[in-house]
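Please open the structure in your viewer and keep the selection panel at hand. The tour below moves from one selection to the next.

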Amino acid sequence: MNTIKTSTNLQETLYELLNEFLIPSVDENNIFYGNQNNLTLPEDSSDYVIYSILNIVRHGTNEIKYDAQNEEEHNKVEYEVSVQIDCYADTSNGSDGLDAMLRASSIDNFTRSDVVYEFLNARGMHILYADSSNDTTIVADDNNYLKRWSTTLHIAMSTESIYDSYGFTEVNVKNNFITPLSEAEKQDPSLNVLGIKNVDSIK
């Protein structure tokens with residue numbers, strides 16, 4: 001059966017990364033994976049984060065290995081994944097909403113951290129870098145500004161496709177020295193005109 005597997009559960013790993021390392025932190029229930037149907041944002045707070053996968057870019061040449069025992073071809077490729085992270089912050093009661101900026105900038109900071117490198121490496125991913133943060137404040141449904149700062153995180157991961165690939169693993173061949181046909185026929189009538197016995201079997 002042809003299958004595909006990834007080096008990590010990308011969505012789950014991104015959630016754990018943001019929940020663990022965002023500064024200032026947000027409630028664990030206020031970190032959302034974007035571009036979903038029926039996504040309900042918190043009603044009592046504007047402090048939340050939305051992360052969305054933008055694109056993937058292949059790097060390098062595929063690594064192909066053949067598993068003769070299981071008759072499978074393993075085709076592995078490395079990707080760079082770009083993830084947009086939108087950080088929102090509360091501006092009610094005169095708040096300046098700068099927590100959104102601080103959260104977005106903390107992402108750029110932790111991409112240079114050994115701790116985050118180890119965190120992702122243990123999950124089959126590698127940190128690359130983050131773009132500079134930008135103020136992407138929007139006007140919300142209530143016609144008030146909703147403070148938002150955004151950045152794009154770049155990480156590396158791999159996928160491996162496994163295909164059924166049938167073939168033979170063993171060939172049994174018997175060869176005799178080439179001898180004159182007359183002599184060969186005396187020794188073994190089953191020899192061909194060159195005095196070479198045919199292949200016995202192929203597995």
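Which residue forms a salt bridge with R103? Select D47 together with R103: the two form a salt bridge (a side-chain nitrogen of Lys or Arg within 4 Å of a carboxyl oxygen of Asp or Glu), and their closest N and O atoms are 3.1 Å apart. Because D47 lies in the loop between strand 2 (31-33) and strand 3 while R103 lies in helix 2, the pair ties together parts that are 56 residues apart in sequence.

This is a predicted model, in which local features need pLDDT of at least 70 and side-chain atom pairs count only at pLDDT 80 or more, whereas totals for chains, interfaces and linings use all residues. Residues are numbered from 1 along each chain as its sequence is written, and side-chain values use heavy atoms, with hydrogens and water left out.

Colour by accessibility next: D47 is buried at a relative accessible area of 19%, and R103 is buried at 2%, where buried means under 20%, exposed over 50% and partly exposed in between, with a 1.4 Å probe and protein chains only.

Finally, select D108 and R112, which form a salt bridge with closest N and O atoms 2.8 Å apart; D108 is partly exposed at 22% relative accessibility, while R112 is exposed at 61%.

Terms used
Helices (H or I, at least four residues) and strands (E, at least two) are DSSP runs, numbered from the N terminus.
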